[in-house]
Amino acid sequence: MKRGIGSEDIEAPELAISAGKVCFIISKAHGFDVKVAVTEPDAGSNPTDDGEVAVLQDHDDDPVREELGSLISDLSVDEQIDLVALTWLGRDDGKAADWDEVRQQAAYAHNRHTADYLCGNPLLGDHLAAGLDALGLSCPD
């Protein structure tokens with residue numbers, strides 16, 4: 001299938017990860033991206049009395065972060081490599097026409113810390129969405 005990528009008309013690469021999985025990870029990442037720094041680590045009060053503000057703070061045992069990390073860790077190595085390459089593409093560390101090279105660099109850099117690396121990116125959802133867009137793909141609204 002031909003996709004318009006920038007001003008070039010090149011064929012979109014075959015990804016090891018489905019666009020649906022990437023879109024699901026984007027939605028989870030956006031849920032994690034809205035977290036703010038912890039202001040009071042041990043409030044010692046009832047969460048309902050505090051208006052449940054703790055759910056918006058970035059705690060070490062944050063269930064959203066744990067779910068996102070598990071999602072990424074459970075992907076195959078090739079899917080993780082594509083996810084990193086899409087992230088790099090989305091933050092302008094390469095061009096869509098250079099997908100094979102960007103993916104090769106991601107494969108070279110791959111290790112068992114991929115989930116931590118990606119979850120440490122505060123703009124992961126935005127970068128993944130921009131990476132998909134660069135390849136002429138998108139998530140349904």
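Among contacts in the protein between residues at least 6 apart in sequence, what percentage join residues at least 24 apart? The share is 69%, where a contact means heavy atoms within 4.5 Å. Let us walk through the chain with that in mind.

A word on the ground rules comes first. This is a predicted model, in which local features need pLDDT of at least 70 and side-chain atom pairs count only at pLDDT 80 or more, while totals for chains, interfaces and linings use all residues. Residues are numbered from 1 along each chain as its sequence is written, and side-chain values use heavy atoms, with hydrogens and water left out.

The protein has six helices and two strands, and from the N terminus on these elements run β-β-α-α-α-α-α-α. Helices (H or I, at least four residues) and strands (E, at least two) are DSSP runs, numbered from the N terminus. Of the 141 residues, 33% count as buried; here buried means under 20% relative accessible area, exposed over 50%, and partly exposed in between, with a 1.4 Å probe and protein chains only. The protein exposes about 8,500 Å², and carbon and sulfur atoms supply 50% of that area, as given by the Shrake-Rupley method with a 1.4 Å probe, where for residues only the protein chains shown count as cover.

The largest nonpolar core has 30 residues, and I72 and L83 have the most contacts inside it. Such a core is a set of buried Ala, Val, Leu, Ile, Met, Phe, Trp, Tyr and Cys residues joined through side-chain atoms within 4.5 Å. At least two of its residues come from each of α1 (19–33), α2 (63–73), α3 (77–90), α4 (99–109), α5 (114–119) and α6 (124–134). Setting aside residues up to four places away in sequence, L83 touches I17, V22, I25, I72, L75, L118 and L128.

T87 is buried, with a relative accessible area of 1%. Leaving aside neighbours within four places in sequence, T87 is in contact with L118, N121, L124, H127 and L128.

Several of those names return in α6, where L124, G125, H127, L128, G131 and L132 are buried. They lie on the same side of α6 because they cover an arc of only 165° around the axis, judged by the directions from the helix axis to the C-beta atoms. An α-helix has 3.6 residues a turn, so residues three or four places apart point the same way. Just after α6, G136 takes a positive phi of about 85°.

A search of the whole structure finds one disulfide, defined as a pair of cysteine sulfur atoms within 2.5 Å. C23 and C139 form it, with their sulfur atoms 2.0 Å apart. The pair links distant parts of the chain, C23 in helix α1 and C139 in the segment after α6, 116 residues apart. With -100° about the S-S bond, the link is left-handed. C23 counts as buried because its relative accessibility is 14%, whereas C139 is partly exposed at 27%.
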